[in-house]
Each structure stands twice: as structure tokens, then as C-alpha cells.
Amino acid sequence: MVFPALLAPALLAPAPPAIRLTIDAREVSKQVVHVTLRFPVTPGPLTLEYPKWIPGMHEPVGPVQNLVRLGFAANGKPVAWRRDGYDAYGFQLTVPAGVKELEAHFDYLPRPNDSDEIAYGVAATGTLAVINPSALLLAPRGSALTKTAFAPTVLLPERWQKATSLPTTPTVSLERLMDSPIFAGEHLKRFELPSPDGVPHTLAVVADTDEVATPNAHVLACMQKLVTESAALFGARHYDKFTFLLALTSGLPQYGLEHHESTVNVLRPNALGDGSGTPGQWNANLLPHEYVHSWNGKHRRPYGLAGKTFNQPLSTDLLWVYEGMTEYLGEVLMTRCGFYPFEAEREHLRQTLVSLDGRGARTWQSLRDAALAFPLITNKGDSTRLRLSNDIYYESMLHWLEADALIRQKSNEKLSLDDFCRRFFGGVNRGPEVRPYTEAELAATLTATLPGVDWTAWLHQRFDSLEPQAPRTGLELAGWPEHLGELSEPRREQETLTDFRFSLGFRLAGARITRVEPSSFAAQAGLVVGNQLTLLNGKPFSNQALREAIRGSKTQATRLVLQVDSAREVAFDYLGGERLSVLERAGSTPDRLSLIFLRKK
Ligand SMILES: [Zn+2]
């Protein structure tokens, strides 16, 4: 085999000159970024495009509407342009004779207070900014992501520093440029997180003050453990260095996004706690989740999501692996590295489970369909529950928990999903390399990890079937099946006052019904979402009174007469006492959940 580097230089086509990009963010705090591009060109028709499919968003949402004052010039004279009539992301012009360099300029105006700007635009306060180069460039139509070279320059306000995984080499590929967000600010602190394999990891924190930009010892210890636990889980890394970009501020929406060599994380100051209490689960999960994507989503990427250009339509089919398995592994790492207590995570799994029950959507929509429709439905769930939205994250997560527990059970606890991870995501570190995969390879690697299970059928059953009830097998195999019973934990006091799903069949916010379970007492009585409960047995309705009445019906049926919307009445003869979902240890099954989430030997 002959490597290109060994060829005589004359045999290689000269690399085309780089596109020079200047991102002038000196006025970013005034919510404007000035962009100038200089393209090496030849005379004739040219179409320049703005990025449409943003990696990690799984949607064609590039914020082209935020471009203003767009113009082109050559040799100091304006060049006329018009937008492509069939593609609002394309700009057509004719390069005049004799012109070798075309200049493009535009201003980028971010939408204030929009979390999407953090993911793929520009978001700034008076003291810090998140700048995504993918929002600040144009490229000739059809430019190959890996073969188009840019020479970027970034100008920042005086005294601001920046952190980014953008290489410091004179030129960088379009792919890497788009994949390298920049965090900048007046107050930026860096913390090195040593790794046993010697690969550098940096936590770069921007905040409104130096004090907030200095995380407490608990957060630094968890981050250090995240770096070491990820090596144990995946067996290899696929980058030369990694930068965790973290903004701790109240001035921006909270959000995160994955990249190959860095992650974007925006949280409130103190969102990760100091180890003395339990932080919000979403907060605790953000850094681990986005980091797992460096392996699952960036290094290993479904073929359908590995576009050659930024405007090539992508297929979101395997998002139930890309996002679903990442949700699972992220929550596992979050617990293993101490960001979130195991008991709280167990409760989170239970809440996830019951939140997935009774979705009308799952009578017609498979998880695969939810993945394929992701560009249409992301974060747009609705109270009818007839459309899936983020289910590819949370239902898939419970399926991957089942896969993990199944591998442990069938191998007499010798193997786990960690072994699959080392096969599928491990290998040799060749820097930020993309290795696309097919569903067949996924099934084959599961089979290589644990032969004797028909993994193709297993995947088909979970991701192509219709099933309105939440998947309970994972928690059962993990030794913590769900039961219905009474609760005494004060932490869930609020829930006992609002959740009547397993008794009468509805859930409340105050006295308003927010959810009705199919085939329940409530559904049969014609109660619907939005109904207001006004009287209970002739007295003003209160959640506490309803709860007490239900608790009193354990051995003897109780008549409950509810007045709805100050008008009609519905009556139930209810027997069964308080029924709330709880996870309980099944003594006959090993406590695999603890083994998984605490990585006990
Ligand atoms: Zn994700």
C-alpha cells in the first residue's frame, strides 16, 4: 500500500487556496457579529451557500434569517447577487472577468434569549459569548466538508479571552471549523483534567465573574472522574485533545450541544451543586451526555447522518442509537462520576418510566418513525400525546438499560454493555476520525459481545413495534421492578397530591386535569385534559381531600362524586387505596442497577 505522503509532490493536485474568514465579534455584546469572507474564484457563475443541516441538531435549521447587510464585492466594486429561487440558503452571482478573489460580507444578528443560538448561532451577554462559526460562513455550493480549507481569524472585545477546540494551524477543514464552537469572555478559567492515557482534557469555564468561573472542588472532582470513567467505558478516545466548554451564567438560556473535540454547555451558576445536595437531573446530565456524543454520534455516526456537504439532506433513522444510547450512557457516566446520586437517578428512571405510559402516539408510531420524523417533531410534544417527540431519548434509554441488564444476565454477570462499547466505540485513537456505521454493524457488534441472542430481532421488536405502555423489562432485569403502592417518602409528597394516574386515572396541576390515562375510571367517565375539578363530595375540591378519600378506600369501596368545571358531576365507586408507582428491589434478581450505575466490581 502506498500512502499519499510518499508520492512525489508533482503527482498530487495542488490543494485549492483556503477561503479566508474573518469573524469580527468585537461588538458581540451589542448583539452583532461582522463577517468577511474572501473566496479564491474564477470568472463565471457561482453559488455560495449558508449551512443548513447543523451537525448535532438533526434538522435543516441553519439560521439564515439572521443574516443582514449581505453583499459581495470584487476588486473594490459591488457584485450583484440574487437568492436561489428554490433554496433560501443559496446566493447566486456571476464572478466578473479578471477577478481572482471575491469578497462576501454580512452581519449576523442573533435572536435574543433563544437557546438555539447557543447550539448553532451566537449568544452573548455583556461579559461573555458563545460563538458558533457554522453560523458565520458561506461556502461554494457542494463544498466537501473534509476537503474545503478555511483560514479563520476571530476578533474579540478587548480583554476577552477565548476557549475552543479550533486548531491553531493556519488552515482548517470546513468540517472542523463548523464543529468548533468558541466560548469567549472577560472571565475565563481553564482547568486541566489529567487522563491516564495522556490525552489532554481541559475544562474551560466562562462566567460573569472570576469567582463564578472557578468551579468548586466537587465539580472539578466529578469532571476529573468523567475523564477517567469515559476511558474505562469506551476503551479509547478519538481526538487529540478535548475541551469542555462551560458557561455558568444567568444571562443565557441553559443548553448544550455535542461536538467531536469539545462540548457546549450553558448552565446557571451553582447548577451542578457542591456535593451536599441533589442538583437538577438535567443539569447533572448535561456535561456527561454531550461528552458521550464524542464517541456516539461524532466518531461513530450512522451513515445517514454523515453528510458530505452541509446542505445534503440527512437521514435521522438511527437517532434511537445516536441519542437513545447516549442518553443511557450519559446518565450512567453522570452517576458513576458523582454528578448525581444513585438513589436520585433510580427515582429519575422511575419517573421516566411512568411518563411513557399510555401514549396514544405509540399505537401508531414506532420509535424508528419518531427518529425519521425528528426534524419535524423535536421538542414539539403536545398534550394529546398523539405525536412522539423526545421519546427517542427516553424510551430508547430504557431499551438500552434492558440490553445492558440482559447482557449481564445471560453472561452470568461477566459481560455488560460496557463490553459492547469497547468493541463499537473503542479501537485506535487516530484523532477526530469519523467511522460511519449501519444498523447491521450495530447488531453484529451486539452479537459479537453476547452471542445467543437474536439481536436483529431484538432491535426490530423495540424500535419498529407499536407499544403504548412504557418498557418495564429493563428495570425488571436490573433488579428494580415497578410496583404500585403507597408512599411515605416526604420527597414525593407533592407527587402524591397530583398523581392519581394509577387510581382514578388522571394527573393534576392544582385542580386542573393535565393527563388522562386511556381505559381508566377517568377516561370512562369522560374526563379530559383541561377539566377543572371544583367540588369533591359536595365540598370545595382539594388535592389533599381527594388523596385522603382514596387512601381510605383500601379495603372498602368509597363513593367519590366530583363536580367538573362547576357544572356536571361524575361519580366513581373506587376500591384499591392509594396507588403510586414505586421501584422495589426484587430479591431473586441481582441488583444490576447498582452494578451498572455505580460500576461496582
Ligand atoms: Zn444528545
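Contact means that heavy atoms lie within 4.5 Å. The model discussed here is predicted.

Q: Which residues does Thr449 touch, not counting residues up to four places away in sequence?
A: Under that contact criterion of 4.5 Å, Thr449 touches Leu415, Ser416, Asp419, Phe420 and Arg423. Thr449 itself lies in helix H12, which covers residues 439-449.

Q: Why is Thr449 called buried?
A: The relative accessible area of Thr449 is 4%. Buried means under 20%, and therefore Thr449, at 4%, is classed as buried.

Q: What makes the pair formed by the backbone oxygen of Thr445 and a polar atom of the side chain of Thr449 a polar contact?
A: The two atoms lie 2.7 Å apart. A polar contact requires N or O atoms within 3.5 Å, one able to donate a hydrogen and the other to accept it. The distance of 2.7 Å therefore falls within the cut-off.

Q: Why is the aromatic pair of Tyr239 and Phe242 called tilted?
A: The structure holds 26 aromatic pairs. In the pair of Tyr239 and Phe242, the distance is 5.0 Å centre to centre, with 50° between the planes. Ring centres must lie within 6.5 Å, and planes under 30 degrees apart count as stacked, over 60 as edge-to-face and the rest as tilted.

Q: Which residues do ring pairs link into a cluster with Tyr239 and Phe242?
A: The cluster also includes Phe234, Phe244, Tyr291, Trp295, Phe420, Phe424, Phe425 and Tyr437.

Q: What describes the crossing of H4 and H6?
A: The axes of helix H4 (residues 281-292) and helix H6 (residues 324-336) come within 8 Å and cross at roughly 115°. The crossing is right-handed. From H4, Gln281, Ala284, Asn285, Pro288, His289 and Val292 meet Thr326, Glu327, Leu329, Gly330, Glu331, Leu333 and Met334 of H6. By class, these contact residues are six nonpolar, five polar and two charged.

Notes:
Residues numbered from 1 in each chain as written. Predicted model: local features only at pLDDT ≥ 70, side-chain atom pairs only at ≥ 80, totals over all residues. Heavy atoms only, no water. Axes fitted to C-alpha atoms, helices over the stretch in contact; angles between N-to-C directions. Helix = DSSP H or I, 4+ residues; strand = E, 2+ residues; numbered from the N terminus. Left-handed = near helix turned anticlockwise from the far one by under 90°. Nonpolar A, V, L, I, M, F, W, Y, C, P; charged D, E, K, R; others polar. Buried < 20%, exposed > 50% of the residue type's maximum accessible area, 1.4 Å probe, protein only. Phe/Tyr/Trp six-rings, centres within 6.5 Å; stacked < 30°, edge-to-face > 60°.
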